[in-house]
Each structure stands twice: as structure tokens, then as C-alpha cells.
Amino acid sequence: MSDPRGWIDKMDGQKTVILGVTGCIAAYRAADIAGALKKNGIAVHVVMTKNAQKFITPRTLEAISQNPVTCDLFERDKPWEVGHVSLAKAADAVLIAPCTANILGKIAHGIADDMLTTTVMATKAPIIIAPAMNTRMYENPIVQQNIEKLESMGCRFVGPVSGRLACGDVGLGHIADTDDIAKAVLSVLDVKKDLAGLKILVTAGPTCEPIDPVRYIANRSSGKMGYAIAQAALERGGEVILVSGPVHIPPPRGARMVSVETAEQMRDAVLGEYENADIVIMAAAVADFMPESADGSKIKKADTGLEIKLKKTPDILIELGKRKKNQILIGFAAETDNLEEYAKQKLIDKNLDMVAANDVSLPGAGFGCDTNIVTCFLKNGEKIALDLAPKIKIAHSILDQAARLRGNV
Ligand code: CTP
């Protein structure tokens, strides 16, 4: 039984969810959501913002969660504990439901000025957000950018859905159904921690090969696939090193980032981490060619055409294959035709344990997409097709194979 005076007491093996409640009409739904989580055997600790208390009382949520509700950053029930840190540490997941545009913006920009936002900032647990706001606010590009940013950092969003809003408008902005919110929390809690104690080295994004100080050769890689793999590995308890070329997405929370520009820099960074890595996944779209010599000053527009002599970049994966000891080594194969033939050839040529091959010409699988279609070719001859799915799902399926190869099921 949980101790009604304690911050974080719970039964052995019981999962703890911090339920953040923010100030909007939908705050009353927090009672229902807390009840649904309790019914699933989850220890619920509610943290309310000041404005949330104008819509629902802490007492109601205390009765339903059967735990003290925290509203004030400086509450001193247990003066020797720093409340937001102990809650943040105890959380297996943090759910913010409902989440206003204001709190969304604060979290996306690292503002921590109350109990809920400091708890969110201090936690390493997965974060699930159920937004609720007026359609006009929801459609505001700033809100959309904040959602995109948080999503790419690994936060999960449930809803909003369309419905009749408090102001009488009908549109997108209504908080999701309690069942859908509970399901999202349960699926996050369900993620196995099979990579705990393992070092996962992931590369992502393009490399940029300078022609002169202002121009470079690169490719269309967005980094989304590699970042999703890093995110999934973190969710499964892995220690993640993410070696990334230049991209426009924020890094997943908890990954150790190594930022590089060129193939040679990526090679050095990867080799520096390789020895101690347990699983290595080369999702980067490493440029195959670099200018033979980069000009030190800007090349001026000449009347005659410009010729750039190119040479091959180092093939990082081939080098990793040659130096392989106990690492599970996984490469990607981005193809536009003969997928199976080329992928299998890369598996052999680069001494890999698995190739994740994708036909980048298919809709939903090209560079920059949020989804992918992948076929995994394993060195034992197995072929596993992963149908069109969000990149985070594909990432988990690739890691399922990596864990299996490591005999870690
Ligand atoms: N790769 C690498 N170093 C390079 C080029 C590619 O480590 N210089 C890695 C990629 O990260 C990927 C795999 O090799 O995991 C296959 O990359 P891909 O571009 O599909 O194939 P290439 O080996 O470059 O061959 P090709 O472009 O001829 O298909």
C-alpha cells in the first residue's frame, strides 16, 4: 500500500506515473484518467499547476490517486527531499493530461518555473502529452513547432481529437479519450528494458564534404531514422552515443551527442567509440565522395565551367567490419532498385550481422519522411519485412533484431 504521507511509496514492481494536470476546462478529465491508470495497477502521483487548481481541486485527485497531490515547488512535507527530483526519479513515465499550449511551450523551450515543469525537466522517464486547447491555438505554427520539436525529442502525443470545444467551436483541440490516453501510457510502460547495460553506437544524418568555405557536397538525409533508433534504444535502457552529421532536429533526451560534419570526422568519432560498443548501427547517409582538395578561399564564379575532382570518402562500415570483435554490426542500404541483391552484397562485403534495407524511391520510405519501409537481411539468411510504419516503430523492430542477435531476448 502506498503511504499517504510519502512522495513515492509503492508496491514492489508497481509502475509509477506522474500525472501532470494543467489549467484548462479539460482538467476535470484528469480524475477519470487517474482512475483509469489506478485500475491498471499503476501508482499515480498527481502534480498540478496553479491554474489547474482553478478547474479541479487537489482533494479530488488525492482521493482518486490515493497519493498526496503536489502543487507547490517549495512544499515541505518531507523537508529533506527535493520534491521535483524525487518525483522525477521515481517516475516510470510522466503523463501530462490535459496539456495546455502554455505548458507545451514551456517544456519545448526548457522553462521550469513550477513543480510540473521542473519535474518534467528533471526526469529521464518517457513523457506522454495529451494536449487540449482551442483549435486556433492548436493550429498556431508556434504550437505546431513545439509539438514537432518535442516529438522529435521522443515525447509521445495522444490526440488532440476533434470535438465540441469549451468556447462552442467544433474542431481539433479536444483532449483524447481516457482509454486512448491510458493505452498510450501502458504501451510506453510495456517497453522492455532489454538494452540496459549495453552501449549502443548510432550514426545519423548526412555528411557534408566541403568544396570551399561556403559550398559543400551532401545528400537529402534528415537524420530522422538514426535519431529514432537512438530514441528507441534509450527507451529500452541502453546507453546511447549518437554520432550525427548536420541535421535540423533536436537530439533525443539522454543520448550522448557527437556532432560531426564530414565522413572523415564521422569515421574518427565512430572509431573512438567502437571498441566499447555492444551494438553499432550505421544509419548515417555518409557521402560517398569528397572533393580531392577543398579550396581554402571561396571559389569565384568563372566564365568557364568549374570542374571539381572527387575522391572516395573512407567507408566507415567496411572498416568497422574489419575490426569487429563482439559488436553486433548493423548497416543500412538505401537503394532505388535491386534492393535484395545490393543489400545482401553489402552484408557480405562489410562483414555485417544485419542490413536494414530500404527502397528510398517508395512513397513513405524516402529521405525526410516520418515513416519507413524496411527489409532486414540477417547474416544467417533470415529476411524480415517491416511494413510501412512510423520511424520510431521501425527503430524498435530493428532493435528487436539487434537484441536477438546479441542473444539478449
Ligand atoms: N557507409 C559508410 N561509409 C561510407 C558510405 C556508407 O559507413 N563512406 C555505410 C552507411 O552508413 C550504410 C552502409 O554503409 O550503413 C551502406 O550505405 P549505402 O550508401 O547504402 O551504400 P554504399 O556502401 O555507399 O554503396 P552504394 O552507394 O554504391 O550503394
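Trainee: Hello! Which residue has a polar backbone atom 2.9 Å from an oxygen atom of the ligand?

Mentor: Welcome! A polar contact is a pair of N or O atoms within 3.5 Å. In this structure, Phe332 provides that polar backbone atom, 2.9 Å from the ligand oxygen. Please keep in mind that this is a predicted model, in which local features need pLDDT of at least 70, side-chain atom pairs count only at pLDDT 80 or more, and totals for chains, interfaces and linings use all residues. Residues are numbered from 1 along each chain as its sequence is written, and side-chain values use heavy atoms, with hydrogens and water left out.

Trainee: How many residues are around the ligand, and which come nearest?

Mentor: A residue counts as near when one of its heavy atoms lies within 4 Å. Here there are 16 such residues, and the nearest are Met282, Ala284, Phe332, Lys346 and Lys350.

Trainee: Which element gives the most residues to that shell?

Mentor: Helices (H or I, at least four residues) and strands (E, at least two) are DSSP runs numbered from the N terminus. The strand β16 gives the most, with 4 residues. Both β16 (328-335) and α11 (316-323) supply at least two residues of the shell.

Trainee: Moving to charged pairs, how many salt bridges does the whole structure have?

Mentor: To find one, look for a side-chain nitrogen of Lys or Arg within 4 Å of a carboxyl oxygen of Asp or Glu. A search of the whole structure gives 20 salt bridges. One of them joins Asp370 and Lys224, whose closest N and O atoms are 2.9 Å apart. Lys224 belongs to helix α9 (residues 224-235) and Asp370 to the loop between β17 (354-359) and β18 (371-378), so the pair ties together parts 146 residues apart in sequence.

Trainee: What should I look for in the backbone, and where are the peptide bonds that are cis?

Mentor: Look at omega: the bond from Ala97 to Pro98 is cis with omega near -5°, and the bond from Gly159 to Pro160 is cis with omega near 10°. Pro98 is part of strand β3 (residues 93-99), whereas Pro160 sits in the loop between β5 (156-157) and β6 (161-164).

Trainee: And what is phi of Gln66?

Mentor: Phi of Gln66 is near 55°, a positive value in a residue other than glycine. You will find Gln66 in the loop between α2 (58-65) and α3 (83-90).

Definitions and conventions:
Polar contact = N/O pair within 3.5 Å; in protein donor to acceptor, adjacent residues only side chain to side chain.
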